[in-house]
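Here is a short briefing for a first look at this structure. Keep the sequence and the 3D view side by side as you read.

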Amino acid sequence: MAWYDEAVFYHIYPLGLAGAPKQNDYGEPVHRLNTLLPWVDHIKEIGGSALYIGPLFESVGHGYETTDYKKLDSRLGTNEDLTAFVAYCHEQGINVIFDGVFNHTGRDFFAFKDIQANRENSQYKDWYCNVNFWGNNEYNDGFSYDNWGGYNLLVKLNQKNPAVVDYICDVIRFWVSEFDVDGIRLDAADVLDFDFMKALRRTANEVKPDFWLMGEVIHGDYSRWVNGETLHSVTNYTLHKALYSGHNDHNYFEIAHTVRRLQNMGTLKLYNFVDNHDVERIYTKLTNKAHFAPVHVLLYTLPGVPSIYYGSEFGIEGRKEYGSDDSLRPALNIEDYKDSVKTNPCTALIAALGKVRQAVPALSYGSYDELMLTNRQFAYARDLDGTRVIVSVNNDDAPAGMHLAAGNCAAYIGALSGEKVSVQDGHINITQPANSGEIWVPEGTDLNVKPVKAQGVNVENTNSINTNIEASSVDTEKATDMVVEDTQSETTKAEDTKAAAPKAETTKTASENTASETTAKESESESTPNATASDNPADPETITVDWSKSPESMTVPELQAAVLAKLSGNGPVDAQMKKTVTDNIWHDSLVNWLKSFR
């Protein structure tokens, strides 16, 4: 067991949170990192035990175009500031991981500057991919090179060059010796060379016990990256999508199916999240803001390592605007939220979940057993050493009865509500309030958690209560209306009609419901507007895949078609799955995705 196995992460994008200028003039250091020290106390207060912070190192803009891997960004301060910051985190019992942007550098990086100055005579000309001195680019360098994501600002490192590998491994050693960091989140890990990642893993094993490598991976069989030779974990984008769309569509089958598929990849400790610095805030994504509660109960109790992105515990909004991520990375003052655990129901819920997670080992180490599944109700058990913890969620606007197989104890306590239920004939019978979730632990479990409102959480109007739900065992707060992001506008409305069936359906077991409702849901997905190939003249489904070609030699449309073909071999491909494939226009990412199929 390592520290990260029990971690509850908090994620900070420091340049945004500290209010740093968008561009770096490489002037005198401004000690903005020190203004983030009070956030460490806040992390501890809400039950966090680990911090992912980055990017941190000298860059010209957003932080991912690195200028110097061994110098804290001047807009944030000095190396001494960063050393002190990590030391303070450790004093508070919080482990720290940095962003490792090792797939590419910025144009101000020393190796690239040397190529600009010395061209063919540069000793670093092989540090980057496909440097061509017969080409040119928009900067008029007089040569061209491979970039990342279509941006020549981001120059792709040649990870097969031993000198590059040695340099990056030395950077990791420097970060440990200088700052005492506990791990690294590898940016763009889905396009990193696998031998390169193996070298990073060997270095991780060398520098510090339990040094953690977590990679940013979007699609594919995560076990290809998470294993004993490469990474310890990757970002769980698959579950991220299921958590919000499963609530917006009133479709817990999507979430349960996703969990099963992830379980089939092996015993992986994936990095779970509902939002981050690249995607819109969960409070913005949810059509019904009351679903904030069940979404986060699932985040903290499903297999994996949970993470909260700074500010989302307050229920703040964040929508991508004009292709910019600035609104997702705002400057915040912790003083404006100093009483949030007491006054903000969203924060109170997150704090309670953090403490429950730390107090109940089964949520970190327990096996997963699905107990009940309908479109609008879902329950499962986390079993560890003879102890069963039960999780129940309800995305309906009315309470629901649930009959759930219990463990070997006389009674259960709702860790969030404090409600007590007796075990009868090996089961508990509960009424799960509308738009809510609960974690049922054996009576006598030492939680030290005060009851919180885990239903209908709303940060704007705590006095607006649905009187029909108020009579249930847990209070509720009616959610305010917000517009859901554009990608969710394609969701079919047929689900709402079907799910309005008599409530007797909610007492069925998962085995009685799974087959019929999964078939119905798949049928609905296939009839979703804009789901047919004819609607899109560039639809990859119109392309015949030449399987004799290597993935590397395929075009982006060919790769998309190949991935869809592989997915269809594993089961029905619905409109959202297809959209996820066609939205991915990055060649290297698609190559790795296609290779991940076995």
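Two strands count as paired if DSSP finds at least two bridges between them. Keep that cut-off in mind for the sheets below. The model is predicted.

- S6 and strand S8 (residues 151–156) run antiparallel and are joined by 2 bridges.
- In general, strands of a sheet pair through backbone hydrogen bonds, in a parallel or antiparallel manner.

**The surface patch**

- Tyr139, Tyr151 and Leu153 make a nonpolar surface patch of about 290 Å².
- Of these residues, Tyr151 belongs to strand S8.

**The sheet of 6 strands**

- A second open sheet is ordered S14-S15-S16-S21-S18-S19, again with antiparallel pairing.
- Its edges are strand S14 (367–373) and strand S19 (420–422); each has a single partner strand, so one side of each is left without a neighbour in the sheet.
- On average, neighbouring strands of this sheet are turned by 25° against each other, with direction ignored.
- Within the sheet, strand S16 (residues 387–394) runs antiparallel to strand S21 (residues 436–442), and 5 bridges join them.
- Look for Ser392, which stands opposite Glu438 in S21.

**Helix pairs**

- Helix H7 (residues 237–248) packs with helix H8 (residues 252–264) at an angle of about 165°.
- The axes of H7 and H8 are 7 Å apart.
- H7 and H8 are therefore roughly antiparallel to each other, and their crossing is left-handed.
- Helix H5 (residues 162–179) and helix H6 (residues 194–207) cross at roughly 30°, and their axes come within 10 Å.
- That angle makes H5 roughly parallel to H6, because angles under 35 degrees count as roughly parallel.
- The crossing of H5 and H6 is right-handed.

**Salt bridges**

- How many salt bridges does the structure hold? There are 24.
- As a general point, side chains of opposite charge can pair when their charged atoms come close.

**Backbone details**

- Most residues other than glycine have a negative phi, and most peptide bonds are trans.
- Gly54 and Pro55 are joined by a cis peptide bond, with omega at about 0°.
- Where is Pro55? Pro55 sits in the loop between strand S2 (50–53) and strand S3 (57–59).
- Asn140 is not a glycine, yet its phi is positive, at about 60°.
- Asn140 is found in the loop between helix H4 (110–118) and S7.

Definitions and conventions: Residues are numbered from 1 along each chain as its sequence is written. This is a predicted model: local features need pLDDT of at least 70, side-chain atom pairs count only at pLDDT 80 or more; totals for chains, interfaces and linings use all residues. Side-chain values use heavy atoms; hydrogens and water are left out. Helices (H or I, at least four residues) and strands (E, at least two) are DSSP runs, numbered from the N terminus. Patches are made of residues with over 30% relative accessible area and no salt bridge: like charges are joined within 9 Å, nonpolar side chains (Val, Leu, Ile, Met, Phe, Trp, Tyr) within 5 Å. Accessible areas come from the Shrake-Rupley method with a 1.4 Å probe; for residues, only the protein chains shown count as cover. A salt bridge is a side-chain nitrogen of Lys or Arg within 4 Å of a carboxyl oxygen of Asp or Glu. Axes are lines fitted to C-alpha atoms, for helices over the stretch in contact, and angles run from 0 to 180 degrees between N-to-C directions. Angles under 35 degrees count as roughly parallel, over 145 as roughly antiparallel, 65 to 115 as roughly perpendicular and the rest as oblique. A crossing is left-handed if the near helix is turned anticlockwise from the far one by less than a right angle, and right-handed if clockwise.
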